[in-house]
Amino acid sequence: MIDFLITVMPWIWVGVLVVSIVLEALTLGLTTIWAAIASIPMIFLARAGMPLKWQILIFVFLTAILAIVTRPFVVKFLKTGKQSEGNINSLDGQTVLCISPISEFKFGEAKTKNGVVWTAKSDDGTEIPSDTICTVSRVEGNTLVIKQVSKNQDSEN
């Protein structure tokens, strides 16, 4: 039984490596990548015949040290978990063109100055016809909340 376990342990660590990489690829949360990295030396330690309890202890220790020491630097470098709100906050107060009509129970669309089309709704629930100049009151998720400023009388395009 012990001989079988000694011959199989390197393959178990390879399995831990593969499962950790797959889980990391699915979550992208920088959680299991440390276990994947820690399992690489464990393959060689298992091949050298190290006792199982020491393998597990070293694996847990390496995973914890890697996570504690390197994770803050990697998160800062990759900027994971943070969404820049600079572009969204810059939309507040911006003038937009309502390109499809908005009513109290129906969202419409508004085009910003840079040509991006957003879902839009009225700030106070009033109807806003298309081709109306509006200002952005706030952003709720991916929807602009807009107020009507004036109707666009310009017929030139």
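So, helix H1 (2-27) and helix H3 each put at least two residues into the nonpolar patch. Helices here are DSSP runs of H or I with at least four residues, strands are runs of E with at least two, and both are numbered from the N terminus. This is a predicted model, where local features need pLDDT of at least 70 and side-chain atom pairs count only at pLDDT 80 or more, while totals for chains, interfaces and linings use all residues. Residues are numbered from 1 along each chain as its sequence is written, and side-chain values use heavy atoms, with hydrogens and water left out.

Back to that patch. Its members are Leu5, Ile12, Leu52, Ile56 and Val60, and together they make about 380 Å² of nonpolar surface. H3 gives the largest share, 3 residues. To get into a patch, a residue needs over 30% relative accessible area and no salt bridge; nonpolar side chains (Val, Leu, Ile, Met, Phe, Trp, Tyr) are joined within 5 Å, like charges within 9 Å. A salt bridge, for the record, is a side-chain nitrogen of Lys or Arg within 4 Å of a carboxyl oxygen of Asp or Glu. Areas are Shrake-Rupley with a 1.4 Å probe, and for residues only the protein chains shown count as cover. Take Leu5, which sits in helix H1: at 32% relative accessibility, Leu5 is partly exposed. On that scale, buried is under 20%, exposed is over 50%, and partly exposed is in between.

H3 has a buried side too, if you look for Gln55, Phe59 and Thr63. Remember that an α-helix has 3.6 residues a turn, so residues three or four places apart point the same way. Further along H3 (residues 52-78) there's a kink of about 50 degrees at Thr70, shortly before Pro72. That bend is the angle between axes fitted to the seven residues ending at a position and the seven starting there.

Ala46 is buried, at 2% relative accessible area.

Zooming out, we have 4 helices and 5 strands, and the order along the sequence is α-α-α-α-β-β-β-β-β. Of the 157 residues, 25% count as buried. The chain exposes about 10,800 Å², with carbon and sulfur atoms supplying 64% of it.

Last stop, the strands. Asp131 lies in the loop between strand E3 (117-122) and strand E4 (132-140). Asp131 has a phi near 60 degrees, which is positive in a residue other than glycine, and it is partly exposed at 43%. Thr143 is in strand E5 (residues 143-151) and is buried, with a relative accessible area of 10%. Beyond its neighbours within four places in sequence, Thr143 contacts Thr119, Ala120, Lys121 and Arg138.

Note on methods: Buried means under 20% relative accessible area, exposed over 50%, partly exposed in between (1.4 Å probe, protein chains only). Contact means heavy atoms within 4.5 Å.
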